[in-house]
Amino acid sequence: MTLPAPSTPDEAIDMALTSLSYLAGLDDAGSLPAITQARVLRVLEQILAKHTAARAMFLSVFDFQNGFTDDGAGSPRSWLVSQTRVTPKAASVTLAWMHRLRAHPVVARALADGRITESFARKICDWVSKLPAISRDAVAQLLIDLAADGAAIDEVAAAAED
């Protein structure tokens with residue numbers, strides 16, 4: 001069953017919150033078949049990947065446009081702490097993702113598409129950051145394709161070393 005796509009950001013936010021609230025509040029998750037539990041866990045990793053990509057993209061635009069100053073904040077980090085109620089360390093982690101994905105748009109797209117997990121994306125960014133800028137995107141795409149095709153992290157690491 002395919003649901004209709006949201007037509008506005010507000011509608012998308014409402015749909016996401018409703019869906020995750022349903023899953024988080026499911027009292028009988030233990031009575032579901034293991035195949036359903038496994039699917040939920042796999043899809044939640046895709047959701048986390050897409051969440052990371054969306055958050056980094058929106059924060060990047062917000063940062064570029066100095067949107068944080070509208071609320072009297074001096075930086076995106078201080079805005080995140082005061083407005084989203086995260087710890088300073090969590091705000092720093094969020095900003096690190098913003099910078100990481102700005103530098104690696106191929107990885108950002110793979111996350112947004114749910115092709116790779118957040119943890120694989122971080123490793124791929126770390127590996128390709130050590131390469132000359134001219135070859136980063138091509139190598140990142142190769143590593144993404146390996147990961148998306150089911151390669152284990154040690155196999156992707158071995159390819160990164162070659």
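Biologist: Which residues does T94 touch, not counting residues up to four places away in sequence?

Modeller: This is a predicted model, where local features need pLDDT of at least 70 and side-chain atom pairs pLDDT 80 or more, while totals for chains, interfaces and linings use all residues. Residues are numbered from 1 along each chain as its sequence is written, and side-chain values use heavy atoms, leaving out hydrogens and water. Taking contact as heavy atoms within 4.5 Å, and skipping residues up to four places away in sequence, T94 touches R55, L59 and L80.

Biologist: Is T94 buried or exposed?

Modeller: T94 sits in helix 4, residues 88–103 (helices are DSSP runs of H or I, at least four residues, numbered from the N terminus). Its relative accessible area is 10%, and the cut-off is under 20% with a 1.4 Å probe, protein chains only. So T94 is buried.

Biologist: How are helix 3 and helix 4 set relative to each other?

Modeller: Helix 3 covers residues 76–83, and its axis lies 9 Å from that of helix 4, at an angle of about 130°. Axes are lines fitted to C-alpha atoms over the stretch in contact, with angles from 0 to 180 degrees between N-to-C directions. Angles under 35 degrees are roughly parallel, over 145 roughly antiparallel, 65 to 115 roughly perpendicular and the rest oblique. The pair is therefore oblique.

Biologist: Which residues of helix 4 make the contact with helix 3?

Modeller: From helix 3 come P76, R77, L80 and V81.

Conventions: Helix = DSSP H or I, 4+ residues; strand = E, 2+ residues; numbered from the N terminus. Buried < 20%, exposed > 50% of the residue type's maximum accessible area, 1.4 Å probe, protein only.
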